[in-house]
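Biologist: I would like to learn how to read a model like this one, feature by feature, with the general idea before the particular case.

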Amino acid sequence: MSEGKRRFKAHIDGKDYIIIGESSTEHMETVVKLVDQQLQEINNLLPNLSKERASILLAINAVSDQIYKQEELDRLKKQIDDTK
């Protein structure tokens, strides 16, 4: 394992995972909590959806949110640049 990387034990949707990365424990706890909550929401809304499809839907939602946040960040940066 590279320097700075650590192992983090996660429990998501009834399964245990080991995540290796450089993020803080607090960050990973927040990520795991959100993923588990969002997966539960998807499962509650669409109970007949397979775990694979629910996970893919969660990933699509996460990437979509990331794109929206990046667009907002770019817009704000442009506003700041325009005022200079």
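Biologist: Which residues make up the largest nonpolar core?

Modeller: A nonpolar core is a set of buried Ala, Val, Leu, Ile, Met, Phe, Trp, Tyr and Cys residues joined through side-chain atoms within 4.5 Å, where buried means under 20% relative accessible area, exposed means over 50%, and partly exposed lies in between, with a 1.4 Å probe and protein chains only. Here the largest such core has nine residues, namely Phe8, Ala10, Ile12, Met28, Val32, Leu39, Ile42, Ala54 and Leu58. Two or more of these residues come from each of strand 1 (6-12), helix 1 (25-45) and helix 2 (51-83), and helix 1 gives the most, with four.

Before we go further, please keep in mind that this is a predicted model, in which local features need pLDDT of at least 70 and side-chain atom pairs count only at pLDDT 80 or more, while totals for chains, interfaces and linings use all residues. Residues are numbered from 1 along each chain as its sequence is written, and side-chain values use heavy atoms, with hydrogens and water left out.

Biologist: How many helices and strands does the protein chain have, and why is it described as more spread out than a compact globule?

Modeller: Helices (H or I, at least four residues) and strands (E, at least two) are DSSP runs, numbered from the N terminus. The protein chain has two helices and two strands, in the order β-β-α-α from the N terminus on. Its radius of gyration is 17 Å, well over the 12 Å that the globule rule gives for 84 residues, so the chain is more spread out than a compact globule; the radius is taken over C-alpha atoms, and the rule is 2.2 Å times the number of residues to the power 0.38. Taken along the principal axes, the C-alpha atoms fill a box of roughly 50 × 40 × 15 Å, and 12% of the 84 residues count as buried.

Biologist: What share of the contacts with a separation of 6 or more joins residues 24 or more positions apart?

Modeller: Contact means heavy atoms within 4.5 Å, and in the protein chain that share is 12%. Tyr17 lies in strand 2 (residues 15-21) and counts as partly exposed, at 40% relative accessibility. With neighbours within four places in sequence again set aside, Tyr17 is in contact with Phe8, Lys9, Ala10 and Ile12.

Biologist: Is Lys33 buried or exposed?

Modeller: Lys33, whose place is in helix 1, counts as exposed, at 55% relative accessibility. The C-alpha atoms of Lys33 and His11, 22 residues apart along the chain, are separated by 8.9 Å. Ala59, found in helix 2, counts as partly exposed at 40% relative accessibility, and its C-alpha atom is separated by 9.4 Å from that of Val35, 24 residues apart along the chain.
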